[in-house]
Amino acid sequence: MAAARAWSVEQVRALGVTTDVVTAGSVLGFGRTTAYRLARDGQFPVPVRKVGGRYLVAVAHLLQAVGIDT
């Protein structure tokens, strides 16, 4: 199993306004399958919006979740 990627604050901010749930999961320290399961079950640690067939997460919420003021 590969080591989890460590994200810098600058890298998270560079994602833009929103990102997909897999990337958000990576920022928070979990993988693709877990990210989709949590989003589907309404248990993702930050708000998720379903747009069409995609789950999107606001980068501002990710930054808050990891303790960075936006």
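Trainee: Is Arg-40 buried or exposed?

Mentor: In this predicted model, the relative accessible area of Arg-40 is 55%. A residue counts as exposed over 50%, so the class of Arg-40 is exposed.

Trainee: With which residue does Arg-40 form a salt bridge, and how far apart are the closest N and O atoms?

Mentor: The structure holds one salt bridge. The partner of Arg-40 in that bridge is Asp-41. Asp-41 is partly exposed, its relative accessible area being 43%. The closest N and O atoms of Arg-40 and Asp-41 are separated by 3.3 Å.

Trainee: What is the order of the strands in the sheet?

Mentor: The sheet is open, has three strands and shows antiparallel pairing. β1 and β2 stand at its edges with a single partner strand each, so one side of each has no neighbour in the sheet. From one strand to the next the twist averages 40°. The order of the strands is β1-β3-β2.

Trainee: Which helix packs on the sheet, and what angle does its direction make with that of β1?

Mentor: The helix is α2, and it touches β1 and β3. Its direction and that of β1 make an angle of about 95°.

Trainee: How many bridges join β2 to β3?

Mentor: The two strands run antiparallel, with β3 covering residues 54–58. Lys-50 has Tyr-55 of β3 as its bridge partner, and Val-51 stands opposite Arg-54 in β3. The number of bridges joining β2 to β3 is four.

Trainee: Which residue in the turn between β2 and β3 has a positive phi?

Mentor: β2 and β3 form a hairpin, and two residues lie between them.

Trainee: How many of the eight residues of α2 are buried?

Mentor: The buried residues of α2 are Val-21, Val-22, Thr-23, Ala-24, Gly-25 and Val-27. They pack against α1, β1, α3, β3 and α4. The helix is largely enclosed by the rest of the structure, because the buried residues of α2 number six of the eight.

Trainee: Where does Thr-19 lie, and what is its relative accessibility?

Mentor: Thr-19 has its place in strand β1, which covers residues 18–20. Leaving aside neighbours within four places in sequence, Thr-19 is in contact with Ala-24, Tyr-55, Leu-56, Val-57, Val-59 and Leu-62. Thr-19 counts as buried, since its relative accessibility is 7%.

Trainee: Is Val-17 buried or exposed, and what is its relative accessibility?

Mentor: Val-17 lies in the loop between α1 and β1. Apart from neighbours within four places in sequence, Val-17 is in contact with Val-57, Ala-58 and Val-59. The C-alpha atoms of Val-17 and Leu-56 are 10.0 Å apart, although 39 residues separate the two along the chain. Val-17 counts as exposed, because its relative accessibility is 70%.

Trainee: How far apart in space are Gln-43 and Val-21, C-alpha to C-alpha?

Mentor: Gln-43 lies in the loop between α3 and β2 and counts as exposed at 54% relative accessibility. Val-21, by contrast, is one of the buried residues of α2. Gln-43 and Val-21 are 22 residues apart in sequence, and their C-alpha to C-alpha distance in space is 12 Å.

Trainee: Which aromatic pair does Phe-30 form with Phe-44: how far apart are the centres, and what is the angle between the planes?

Mentor: The count of aromatic pairs comes to two. In the pair of Phe-30 and Phe-44, the rings are 5.6 Å apart centre to centre and the angle between the planes is 80°. Planes over 60 degrees apart count as edge-to-face, so the pair of Phe-30 and Phe-44 is edge-to-face.

Trainee: Why does the pair of Phe-30 and Phe-44 tie together parts that are apart in sequence?

Mentor: Phe-30 is buried at a relative accessible area of 19%, and Phe-44 is buried at 9% relative accessibility. Phe-30 lies in the loop between α2 and α3, and Phe-44 in the loop between α3 and β2. The pair therefore ties together parts whose separation in sequence is 14 residues.

Trainee: Which feature does UniProt place at residues 27–64?

Mentor: The span is 45% helix and 24% strand, and its end C-alpha atoms lie 12 Å apart. The UniProt record, an unreviewed entry, gives residues 27–64 the feature "domain: Helix-turn-helix".

Notes: Residues are numbered from 1 along each chain as its sequence is written. This is a predicted model: local features need pLDDT of at least 70, side-chain atom pairs count only at pLDDT 80 or more; totals for chains, interfaces and linings use all residues. Side-chain values use heavy atoms; hydrogens and water are left out. Rings of Phe, Tyr and Trp (its six-membered ring) pair if their centres lie within 6.5 Å; planes under 30 degrees apart count as stacked, over 60 as edge-to-face and the rest as tilted. Buried means under 20% relative accessible area, exposed over 50%, partly exposed in between (1.4 Å probe, protein chains only). UniProt positions are given in the numbering used here, feature names are shortened, and annotations may be inferred rather than shown by experiment. Two strands pair if DSSP finds at least two bridges between them. A salt bridge is a side-chain nitrogen of Lys or Arg within 4 Å of a carboxyl oxygen of Asp or Glu. Contact means heavy atoms within 4.5 Å. Axes are lines fitted to C-alpha atoms, for helices over the stretch in contact, and angles run from 0 to 180 degrees between N-to-C directions.
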